[in-house]
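Me: I have a model open and want to learn how to read its features. Can you take me through it step by step?

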Amino acid sequence: NKDSVGTQTVTVTFGGRTLTFQVTVIEKVMTGIEIASNPAKMEYIVEQTFDISGAQINLIYNDGEKVAVPVTEDMFTAPDMTTTGSKEIVISYGGFETSLTISVRDKQAVGIEMNTLPDQKEYLENKVDQTFSAEGGSINVLYDNGTKEAVTLTAAMCSVDLTTSGEQTVTVTYNGFTTTFTVTVNPKSVTAVEWIEEPAVLEMK
């Protein structure tokens, strides 16, 4: 009986003769594990979350059989995803270990957007000594891992025409990326008159 552990007697009958001998049936046990399939995602960007989905291991038995099982969250410790480089994921099951390696690269900027608008949103057309004020403004730098980083807006990043009245577009440029917002340039108007040079006093009769 091959399914019964221990010493078993094998009886062989041929040509009217019978021969017996003994064999030992040992217990079927697991002897190790190996990676059967890697996770669906093997390359990451800094600060992304590691996903084990798709990973399987083979349970290897002493009779040569291999049984594939999915890797679950309790079989490994999540890697540090805040730094770049190769990350070894050690998988443990039934007292055995195997591992796989993922790669993590640095995040890259893919664009910018306005975060907060400057405090000053109105200007006067062609006013002497008037300059654009970026105070209070900020932009978000957008990264390819889905994160954002706020950066203080400066006047040097901005280009706008304050000599023409109406809604004027402010173009913001940062590290090769651009975004825009608008400010209002109000038309100048006469608020008072004054003498540049007073006329000579004339006597009128």
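Me: Is Asp-63 buried, partly exposed or exposed?
Reply: First, remember that this is a predicted model. Then look at relative accessible area: under 20% is buried and over 50% is exposed. Asp-63 has 49%, so it counts as partly exposed.

Me: Which side chain does Asp-63 meet in a salt bridge?
Reply: Start with the general idea. Side chains of opposite charge can pair when their charged atoms come close. Here the partner of Asp-63 is Lys-28, at 3.5 Å from N to O. Lys-28 is partly exposed too, with a relative accessible area of 42%.

Me: Where in the chain do Lys-28 and Asp-63 sit?
Reply: Both are in loops. Lys-28 is in the loop between β2 (17-25) and β3 (30-37). Asp-63 is in the loop between β5 (56-61) and β6 (66-70).

Me: Which residues form a network of salt bridges?
Reply: Lys-28, Asp-63 and Glu-65 are linked in that way.

Me: How many salt bridges are there by this rule?
Reply: The count is five. One of the pairs is Lys-66 with Glu-34, at 2.9 Å from N to O. Lys-66 lies in strand β6 and Glu-34 in strand β3, so this pair ties together parts 32 residues apart in sequence. Lys-66 is partly exposed at 47%. Glu-34 is partly exposed at 24%.

Me: Which residue does Glu-113 meet in a salt bridge?
Reply: Lys-148 is the partner, and the N to O distance is 2.9 Å. This pair also links distant parts of the chain, 35 residues apart. Glu-113 is in strand β9 (residues 109-116), while Lys-148 is in strand β12 (residues 148-152). Check the exposure of each end. Glu-113 is partly exposed at 25%. Lys-148 has 54% relative accessibility, so it counts as exposed.

Me: Do β11 and β12 run parallel or antiparallel?
Reply: Antiparallel. Five bridges join strand β11 (residues 138-143) to β12.

Me: How many helices and strands does the chain have?
Reply: Zero helices and 15 strands. Now the overall form. The radius of gyration is 39 Å, well over the 17 Å that the globule rule gives for 205 residues, so the chain is more spread out than a compact globule. Its C-alpha atoms fill a box of roughly 165 × 25 × 20 Å along the principal axes.

Me: What share of the residues counts as buried?
Reply: 27% of the 205 residues. The chain exposes about 13,900 Å², and carbon and sulfur atoms supply 49% of that area.

Technical notes: Residues are numbered from 1 along each chain as its sequence is written. This is a predicted model: local features need pLDDT of at least 70, side-chain atom pairs count only at pLDDT 80 or more; totals for chains, interfaces and linings use all residues. Side-chain values use heavy atoms; hydrogens and water are left out. A salt bridge is a side-chain nitrogen of Lys or Arg within 4 Å of a carboxyl oxygen of Asp or Glu. Helices (H or I, at least four residues) and strands (E, at least two) are DSSP runs, numbered from the N terminus. Buried means under 20% relative accessible area, exposed over 50%, partly exposed in between (1.4 Å probe, protein chains only). Two strands pair if DSSP finds at least two bridges between them. The radius of gyration is taken over C-alpha atoms; the globule rule is 2.2 Å times the number of residues to the power 0.38. Accessible areas come from the Shrake-Rupley method with a 1.4 Å probe; for residues, only the protein chains shown count as cover.
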